[in-house]
Amino acid sequence: MSMTDRFVTLTHGTALVVTDLHGDLDAFARCVDLFHTLRERGEAQRLIFLGDLIHGYGPLDRDGSLTMILRVIKLQEELGPDTVMMLLGNHEMPHIYGITLAKGDMEFTSRFENVLGEHRDRVLSFFKSLPLAIRTAAGVMLTHAGPALDAIRHADTLRHFDHQTLLDQADATLAQAPDLAPLYRQYGGIHGAPYDELARHFLAVDGPDDPRYPHLLRGFMISQQSPAFAALWDALFTQNEYGLTPTAYVTGCQEYLRAFSAGAPVPQTVVVSGHIVTQHGYALVNRYHLRVSSAAHARPREAGMALLLDCAVPVKSADELLRNLIGVFDER
Ligand SMILES: [Mn+2]
């Protein structure tokens, strides 16, 4: 049994919490500068990115995704893993599995795979190491996507999530197949192009001799067959309150917080997340859920907010956090 713990516990320190920068290098630099300023003044001790750091929505030459990830890794090495943290977002996760992610004409994953180059191993092992939630002595829980009602029954699976075991099991299954050719043909048939081409396009795979050649097929297999993966998907891709009545979502948040409080320093009372677009940089969804947008998901972008969270001071209701929001683009 794996002892991986994907839920980090924080009992002290003030954190600057930043969400969904999506390759916006200018916003990233502002957040890092703000953190350094606050840290020098003794007003913040931690910098936390809530995932979806990568995958710009604009043209490739303005996508700072790789630069930003490498800077986060470096910052974490310099300042320590307790000081600089990042949660796994639904835009980082597909790269662990070789799964494709697109929205309309935007093929997010192929773009990032094709710029990874020599940094691939480093970046992918960083993604594999990322926690899924941070629980605090304030009772404030941080996640990428927020209360996922479909994930309520899977808190334990998520807490001990082990990507490598899923990948190894799929590798073992593929190794037992007498001939992968029919599976490659089948995959190509579903996606409307020869497997070779798809592997080159989506994963920057050179050809059949590349050890990563089967990874597109492997990722597809995992996504279709693994119940654990389905729980991860539900947690990272949730649409929260959309499609629910406000009352049903309040009940769902209460159940979610109860399920995700097991083993936490205190019962968790509020979830702070990003993931979904907000007007003016934040949305107080209800007393249990505050959504923050630091740049790419703020409308307008310049309304982007970060949250200054004291991990030790108890919070009863999400509205108490509003006074701790800071404009990422404010003149200072
Ligand atoms: Mn997201």
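Welcome! The model is predicted, so local features need pLDDT of at least 70 and side-chain atom pairs count only at pLDDT 80 or more, while totals for chains, interfaces and linings use all residues. Residues are numbered from 1 along each chain as its sequence is written, and side-chain values use heavy atoms, with hydrogens and water left out. Strands (E, at least two residues) and helices (H or I, at least four) are DSSP runs numbered from the N terminus.

**The sheet around β8**

- In a regular strand, side chains alternate between the two faces of the sheet.
- An open sheet of six strands has the order β1-β7-β8-β9-β12-β11, with mixed pairing; two strands pair if DSSP finds at least two bridges between them.
- Its edge strands are β1 (7-10) and β11 (282-286), each pairing on one side only.
- From one strand to the next, the twist averages 20 degrees.
- Strand β7 (residues 133-136) pairs with β8 in the antiparallel sense over three bridges, and I134 stands opposite L142 in β8.
- The hairpin of β7 and β8 has three residues between the strands, and G139 there takes a positive phi near 85 degrees.
- On to β9: three bridges join β8 to β9, and the two run parallel, with V270 in β9 as the bridge partner of V140.
- Strand β9 is also joined to β12 (residues 289-292) by three bridges, again running parallel, and S273 has R291 in β12 as its bridge partner.
- Helix α12 (residues 246-259) lies across β8, β9, β11 and β12, and runs at about 90 degrees to β11; axes are lines fitted to C-alpha atoms, for helices over the stretch in contact, and angles run from 0 to 180 degrees between N-to-C directions.

**The manganese site**

- D52 (OD), N90 (OD1), H144 (NE2) and H275 (ND1) are the protein donors of the manganese ion, 2.1 to 2.2 Å from it.
- Donors are N, O and S atoms within 2.8 Å of the metal (3.2 Å for Na, K and Ca), and sites may look incomplete because water is not among the atoms.
- H144, in the loop between β8 (140-143) and α6 (155-159), and H275, in the loop between β9 (270-273) and β10 (278-279), link distant parts of the chain, 131 residues apart.
- Are these two histidines buried or exposed? H144 counts as buried because its relative accessibility is 1%, and H275 counts as buried at 11%.

**A second sheet**

- Five strands form another open sheet, ordered β4-β3-β2-β14-β15, with mixed pairing.
- Here β4 (84-86) and β15 (325-327) are the edge strands, each pairing on one side only.
- The twist averages 25 degrees from one strand to the next.
- Strands β2 (residues 14-18) and β3 (residues 46-49) pair in the parallel sense over four bridges, and L16 stands opposite L47 in β3.

**Two packed helices**

- Helices α4 (residues 108-116) and α9 (residues 195-203) pack at an angle of about 75 degrees, with their axes 6 Å apart.
- They are therefore roughly perpendicular to each other (65 to 115 degrees; under 35 is roughly parallel, over 145 roughly antiparallel and the rest oblique).
- T109, S110, E113 and N114 of α4 meet R200, H201, F202 and L203 of α9 in the contact, meaning heavy atoms within 4.5 Å.

Technical notes: Buried < 20%, exposed > 50% of the residue type's maximum accessible area, 1.4 Å probe, protein only.
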